[in-house]
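Visitor: I have a structure open and want a quick walk through it. Can we take it topic by topic?

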Amino acid sequence: MTGDVQPKRTASVLPVLAIALNAVLWGITWIPMHQLRDRGVHALWATFLSYALAVGLVLLWRPGALAQVARDKKLWLLMCTSGFTNSSFNWAISTGDVVRVVLLLYLMPVWSVLLTWVAFGEKPSPFTLLRVAIAVVGVMLVLQPPGNAWHDLVLPVPRSLSDGLALASGMVFAGSNVLLNRLGSRPAAAKVLAMFSGCALLSGVLAVSMMALGLAGVVAPPPLQASWLVFIALVIVQLLVCNFCLQYGAPHMSAHMLALLMSLEVLVAAASSSLLGAGALSGSAIVGGVLVVGAALLEAFDHLGKSRHAVTASESALP
């Protein structure tokens, strides 16, 4: 009786592990980005170089993916959302407090709920709306000015370029995740190529434009040296592993469950940046971060409860 169910349980673990690994690697991506920044490579140039080289590797592996991307307009949309998400996130995490940026990015589960509701008619349950409210309160606290008194809360708006980039990145990231969930039948290589191409194109255009206009401190990258090219190589390896994990895991779960597992990035980023001195949070931001992560954990318990109920029901229906 249980022999028919057990393989399904085992198989369901692999997508979870893939997304968890993806989140852990994204949680430490700030390390090579900071190293590149300290060596004079702006985040936009770092994003362009790493993704452009990654595009070349994907094309060597699956040259036919280019034709698949060219004729699929939904993959064009994925190019746009992925390009904006990664360019803005890398820029934010290289200039702002790491933990703060990651926490603001992870308002993404709220955007996922709203997007699937508006675009696909998936009306959230009252419990889901409660989780959204908890996450919103958390981000409101994170966005308070440092040192602001608890009794003197102000309008929660972005107070720096990195804040704004992180919030915008999270909003578009939600769209990418929902879109990936709807593109499950597309070949993985085509989806990866679309995502990498979008990141390379948008970051490259932004880098050249801002350098020409003298905006945001964007200057030409320094001469090629092993001292910073090694970190570009590390970013490329991380990109390949993370995106293939995402391609494998995302189609096997709901957009809400994906958002939950990806929130592991918050814990990894908080721990690593605190240990290495790249992140520091006020009391209100810590409480806000706990609420944001707590909202994701509520999603986990809800999902696991439903999964166990479904497995029990399937077992009882067997002869």
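This is a predicted model: local features need pLDDT of at least 70, side-chain atom pairs count only at pLDDT 80 or more; totals for chains, interfaces and linings use all residues.

Visitor: How many helices and strands are in the protein chain?

Guide: The protein chain has 14 helices and zero strands. Read from the N terminus, the elements run α-α-α-α-α-α-α-α-α-α-α-α-α-α.

Visitor: What share of the residues counts as buried?

Guide: 47% of the 319 residues count as buried. The accessible surface of the chain is about 14,700 Å², and 73% of that belongs to carbon and sulfur atoms.

Visitor: And the contacts, what percentage join residues at least 24 apart?

Guide: The figure is 86%, taken among contacts between residues at least 6 apart in sequence.

Visitor: Switching to charges. How many salt bridges does the count come to?

Guide: The count comes to four salt bridges. One of them joins Asp163 and Arg100, with the closest N and O atoms 2.9 Å apart. That pair links distant parts of the chain, since Asp163 sits in helix H9 (residues 161-182) and Arg100 in helix H6 (residues 98-105), 63 residues apart.

Visitor: Are Asp163 and Arg100 buried or exposed?

Guide: Both Asp163 and Arg100 are buried.

Visitor: Which residue does Arg182 meet in a salt bridge?

Guide: Arg182 meets Glu122, at 2.7 Å from N to O. Arg182 lies in helix H9 and Glu122 in the loop between helix H7 (108-120) and helix H8 (126-142), so this pair ties together parts 60 residues apart in sequence. Arg182 is partly exposed at a relative accessible area of 34%, and Glu122 is partly exposed at 37%.

Visitor: What about Asp38, which residue is its partner?

Guide: Asp38 forms a salt bridge with Arg37, the closest N and O atoms being 3.1 Å apart. Asp38 is exposed, with a relative accessible area of 52%, whereas Arg37 counts as partly exposed at 37%.

Visitor: Now H13. How far does H13 reach from its first C-alpha to its last?

Guide: Helix H13 (residues 264-275) has 12 residues and reaches 17 Å, close to the 16 Å expected at 1.5 Å a residue.

Visitor: Which residues in H13 are buried?

Guide: Glu265, Val266, Val268, Ala269, Ser272 and Ser273 are buried. Looking down the axis of H13, the buried residues fall within an arc of 165°, so they line one face of the helix.

Visitor: What comes just after H13?

Guide: Gly277 does, and Gly277 takes a positive phi of about 75°.

Visitor: I also clicked on Ser82. Which helix is Ser82 in?

Guide: Ser82 is in helix H5 (residues 73-95). Ser82 is buried, because its relative accessible area is 2% and the cut-off for buried is under 20%.

Visitor: What is Ser82 in contact with, leaving aside its neighbours within four places in sequence?

Guide: Ser82 is in contact with Ser176, Met195 and Cys199. The C-alpha atoms of Ser82 and Phe173 are separated by 7.1 Å, although those two residues are 91 apart along the chain.

Visitor: Last topic, the surface. Which residues make the nonpolar patch?

Guide: Val13, Leu14, Leu17 and Tyr248 make a nonpolar surface patch of about 360 Å². Helix H1 (residues 6-27) gives the most to the patch, with three residues.

Visitor: Where is Val13 found?

Guide: Val13 is found in helix H1. Val13 counts as partly exposed, at 41% relative accessibility.

Definitions and conventions: Residues are numbered from 1 along each chain as its sequence is written. Side-chain values use heavy atoms; hydrogens and water are left out. Patches are made of residues with over 30% relative accessible area and no salt bridge: like charges are joined within 9 Å, nonpolar side chains (Val, Leu, Ile, Met, Phe, Trp, Tyr) within 5 Å. Accessible areas come from the Shrake-Rupley method with a 1.4 Å probe; for residues, only the protein chains shown count as cover. A salt bridge is a side-chain nitrogen of Lys or Arg within 4 Å of a carboxyl oxygen of Asp or Glu. Helices (H or I, at least four residues) and strands (E, at least two) are DSSP runs, numbered from the N terminus. Buried means under 20% relative accessible area, exposed over 50%, partly exposed in between (1.4 Å probe, protein chains only). The expected span of a helix is 1.5 Å times one less than its number of residues. The arc is that of the directions from the helix axis to the C-beta atoms. Contact means heavy atoms within 4.5 Å.
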